[in-house]
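The sequence and the structure come before the details.

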Amino acid sequence: MKRLALMVLLAACAARQKAAEAPLDPYAAARARVDAARKAGRLEPMLHDEPHDALSFYTLGLAQFAAGNEAQAVAALRKASELRPSEPDIQYRLGIVYLEGEKFAGARDPLQRAVQLAPRVPRYRPPLATCLAHLGDRKAAMDALRDLPSLSPAPEEAALAVKVARSLTDLFRDLPPSSRADLEQALGYLMKDAPGLAAPRLEALLAKLPDLAPAHALLGLAAARLDETGRAVTELRRAAELAPDLPQPHAWLAELYLAKDKVDLAAGEYVAALERNPLDPETLRHLGTLRLERGLPNALEPLEQAAVLQPGDDALQLLVARAEIAAGQPAPARGRLERLSERRPEDAEVLLRLAMLLFDERGRAESSARAILTQRVETLLQKVLALQPENAAANRLLSALRAG
C-alpha cells in the first residue's frame, strides 16, 4: 500500500510539473484579466487601451462587452478576427456578443467557425445550438450537440448542453398560450398520479385540436397509467407521427413496452428517443440498464454517456462500473469503484462490487500481489457484513476467500 501511495504521489507531482511547464494560453490570460477587472470594478481604464494586435483587440472586445457596450465589443472583436482568423476563441467571443444581443444571424457564422476551428472544445457547442434553434434549424442545433459526451466536457458544460437539448425538444414548444395552459394542467394531474382527471381534459382538447401531438402524447401517458395499454400505444404512436422529432412519445412507449416485458420493442423505442435527443441522461440510463440487466450487447456506451452528462450521480457511476465489468474492462471498473468507495464508505453495494472485482483479480495475480489482494477483499467484505450481516453474496465470497 505504501508503494502504491508513493506511485500516486509521484504521478501527481509529475502532472503538476507538466502543467507548470505548459505554455500559458494568452487568450485565457486575457479573459482572466478582464474578469478580474470586472469583479474589482476597474474596467474603465481598459476601455481606453489602444489595441495594436489581435490579442489586444480581443482583450478590448471582452472589456467592452463586460461593460455592456455591445457595438464597441463587436467592432473590437471583428478587428481581432480579421487580424487572426484562425483563433477559435476570437470567433466564439464575437458570436457570443451577437448571441447575447439576440442578433442570431450575425452570431451563426462566428460560432460555426469556432466549432470548425476547434471541434474538440465542448463549450463552443451549446451557444451554436442555441443560435441555430433561434434561426429555426433545430436539426442542425441538435447535431451541434450530438457528440458532446465524447468531448470530455466539464460538469458545467455538460449541464448546459443537457439544458439546451431539452429546450430543443420541449414537448410544449411553439404552442399557443391557451393550449399550453390546458396541457400543463393535464400534466400536473399526471404528476400527482391522477390520470383519471387528466384524460377528460386531454380528450376535450383533442376534440378541438385533433392534430395536437403533445395532447396525444399526454393522453397516451394517462392511458398507460390507467392500464389501458392498447389505447396508450395508439395515442403515443399518433403523437410520434404528428411530431416526428419529439423524443417523449418514444421514451414513454419504451417504458410501456418494458412494463409488459417486451424488451426488444422497449430497446428500439429508447434508441428512437435518443436519435431525437442524444443528450437525455435518463433515456441513456434506461437503455443502458435495460441492456445490462437483460444481457443485451452495447450496454456500456449509453451508460458512459449518461455518466459524462451527470458526473455527480454515484448510482450511475456504479452502473457504469458494472457495465465495464460485463464488457471485460476490469481496469476502468476498478478505478471507478475505488473512487466510489472513497466517497461512499458506508455503501454496501459499492464495497461488495469492489470486493468481487478484486476477488477475480486475485485469482489471476502472482503470489506477491495475491496476499495483498486477499487482505483487501477480506477487509471490504467485513465492512459489508458489518453494514448488512445477512448479505448472502458477501458471506459466500468470504467463505470462498478463506477456503483459498
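Predicted model: local features only at pLDDT ≥ 70, side-chain atom pairs only at ≥ 80, totals over all residues.

**Helix pair H3 and H4**

Helix H3 (residues 54-66) packs with helix H4 (residues 70-83) at an angle of about 160°, and their axes are 8 Å apart. Since angles over 145 degrees count as roughly antiparallel, H3 is roughly antiparallel to H4. The crossing of H3 past H4 is left-handed. The residues that meet are listed by helix.

| Helix | Residues in the contact |
|---|---|
| H3 | Ala54, Phe57, Tyr58, Leu60, Gly61, Gln64, Phe65 |
| H4 | Gln72, Ala73, Ala76, Leu77, Lys79, Ala80, Leu83 |

By class, the residues of this contact of H3 with H4 comprise 10 nonpolar, 3 polar and 1 charged.

**Leucine 253**

Leucine 253 lies in helix H14 (residues 248-259). Its relative accessibility is 2%, so leucine 253 counts as buried. Leaving out residues up to four places away in sequence, leucine 253 touches Val233, Leu236, Arg237 and Glu269. Alanine 154 is 99 residues from leucine 253 in sequence, and the C-alpha to C-alpha distance between the two is 32 Å.

**Helix H16**

Helix H16 (residues 281-293) has 13 residues, which at 1.5 Å a residue should span 18 Å; the end C-alpha atoms are 18 Å apart, in agreement. H16 is mostly covered, with 10 of its 13 residues buried. Among the buried residues are Pro281, Leu284, Leu287 and Leu290, along with Arg285 and Arg291. The buried residues of H16 pack against H14, helix H9 (155-168), helix H15 (263-276), helix H17 (300-309) and helix H18 (314-326).

Conventions: Residues numbered from 1 in each chain as written. Heavy atoms only, no water. Axes fitted to C-alpha atoms, helices over the stretch in contact; angles between N-to-C directions. Helix = DSSP H or I, 4+ residues; strand = E, 2+ residues; numbered from the N terminus. Parallel < 35°, antiparallel > 145°, perpendicular 65-115°, else oblique. Left-handed = near helix turned anticlockwise from the far one by under 90°. Contact = heavy atoms within 4.5 Å. Nonpolar A, V, L, I, M, F, W, Y, C, P; charged D, E, K, R; others polar. Buried < 20%, exposed > 50% of the residue type's maximum accessible area, 1.4 Å probe, protein only. Expected span 1.5 Å × (residues − 1).
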